[in-house]
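User: I'm new to this structure and would like a close look at just one part of it. Could you pick a helix and walk me through what surrounds it, in plain words?

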Amino acid sequence: MRLIIDCDPGNGIPGANVDDGLALALALAARPQISLELISIVAGNTPRDVGFAVANHLLLQTGYQVPVVAGAARALIEPPEPWRAHLDRAITRPDLAGLWHNVPYPHTAAIVTPNAAVALGELICNNPGEITLAAIGPLTNVAHALQLYPQMAQAVKEIVIMGGVFNVEGYLKDTNFGLDPEAARQVLTSGANITLAPLDVTTQTMLTQASLARMTQPDTPLCRYLRATTQPWIHYSRQTRHLPGCWIHDALVIAWLLEPQLVTTAEYYVDVALEGAMTRGSSRRWRPDGLRLTVGMPEPQGKPIRVMEQVDNARLLALIGETLARA
């Protein structure tokens, strides 16, 4: 499988989620089943330049070679300041900040040209039907690529997206769709073959310290990197989110590509709200021909997409461990 991962990694950054890094590691370890041909970086979990440095640091520490291209530093329309203030806020508690004390901070990496949209569009359109795109950050880069290369919606083999939330207590919207609602709507209604992993399924995942220790037991650079950068995030998640470990949202996307039987799915139309103080960035799903009341509703755009619904977390963790052991 030929794969592009569009992401916003945060491994090594205090207070930043590490699920992108686990997704990248899983794809790298899955050779030759997965051929990771490009990593593109978008602003989201971390600022674009930070995510670019993290991805390059991950590759440097683990010895893999994959082209990394920087993309959008902000959303299509949504103002970046409120999101950056929320996502990049400093950790004020010394005990929490100290969790990253011994974790190397990624050094700044020089960005030659932020051309992720061009790189995505050209690789996909020059290889029609061959490239799968895993989009596990805000969808700004993918939307830009579709604008530049409208034929990409038909040329891409599949777009597997982590984003959206339908019925999870405490979430009216998620970060990936909320940070760039216009991009999310454009991609979801593009007519491409799409599979979606919303928070509803990714919050069924759970990685504990014990599970991390088991899956990173092999003494390889990749396992050492994951152990060092993931341990502080699990501690942080336990103390700030009151979970037994941490969710591994983005890793589920790559795991599903390796073993689709991990999850159950169903076909839905999916759309993202662009208006309303409370509704902007929120997502809705409905089954084709399943609505009982459609007064005033427009015809859905695009086509139904496959939505993940239930995941076997024990099998997910086992698959990650088995894949890392073969790296």
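Analyst: A close look at one helix

Let's come in from the loop between helix H12 (221-241) and H13, where His-242 is found. (Helices, H or I, of at least four residues, and strands, E, of at least two, are DSSP runs numbered from the N terminus.) Keep in mind that this is a predicted model, where local features need pLDDT of at least 70 and side-chain atom pairs count only at pLDDT 80 or more, while totals for chains, interfaces and linings use all residues. Residues are numbered from 1 along each chain as its sequence is written, and side-chain values use heavy atoms, with hydrogens and water left out.

Back to His-242: its phi is near 55°, a positive value in a residue that isn't glycine. His-242 is exposed, since its relative accessibility is 67% (exposed is over 50% relative accessible area, buried is under 20% and partly exposed is in between, with a 1.4 Å probe and protein chains only). Cys-246, on the other hand, is buried, at a relative accessible area of 1%.

Now for H13 itself. 10 of its 10 residues are buried, so H13 is largely enclosed by the rest of the structure. Among those buried residues are His-249, Asp-250 and Trp-256, as well as Val-253, Ile-254 and Leu-257.

What does H13 pack against? One partner is helix H14 (residues 313-326): H13 (residues 249-258) meets it at an angle of about 75°, and their axes are 10 Å apart. (Axes are lines fitted to C-alpha atoms, for helices over the stretch in contact, and angles run from 0 to 180 degrees between N-to-C directions.) The two helices are therefore roughly perpendicular, a label for 65 to 115 degrees. From H13, the residues that make the contact are Ala-251, Leu-252, Ala-255 and Leu-258; H14 brings in Leu-316, Leu-319, Ile-320 and Thr-323. Contact here means heavy atoms within 4.5 Å.

Ala-134, in strand S4 (residues 131-135), touches both Val-253 and Ile-254. Leaving out residues up to four places away in sequence, Ala-134 also touches Leu-3, Ile-4, Ile-5, Asp-6 and Val-160. Ala-134 counts as buried because its relative accessible area is 0%.

As for Ile-39, its contacts beyond four places in sequence include Ile-5, Cys-7, Leu-24 and Ala-55, along with Leu-59, Val-66 and Val-69.

For contrast, hop over to Asp-289, in the loop between strand S8 (283-286) and strand S9 (305-311). Its C-alpha atom is separated from that of Ala-134 by 28 Å, and the two residues are 155 apart along the chain. Asp-289 counts as exposed because its relative accessibility is 85%. The phi of Asp-289 is near 60°, a positive value in a residue other than glycine.

Definitions and conventions. Parallel < 35°, antiparallel > 145°, perpendicular 65-115°, else oblique.
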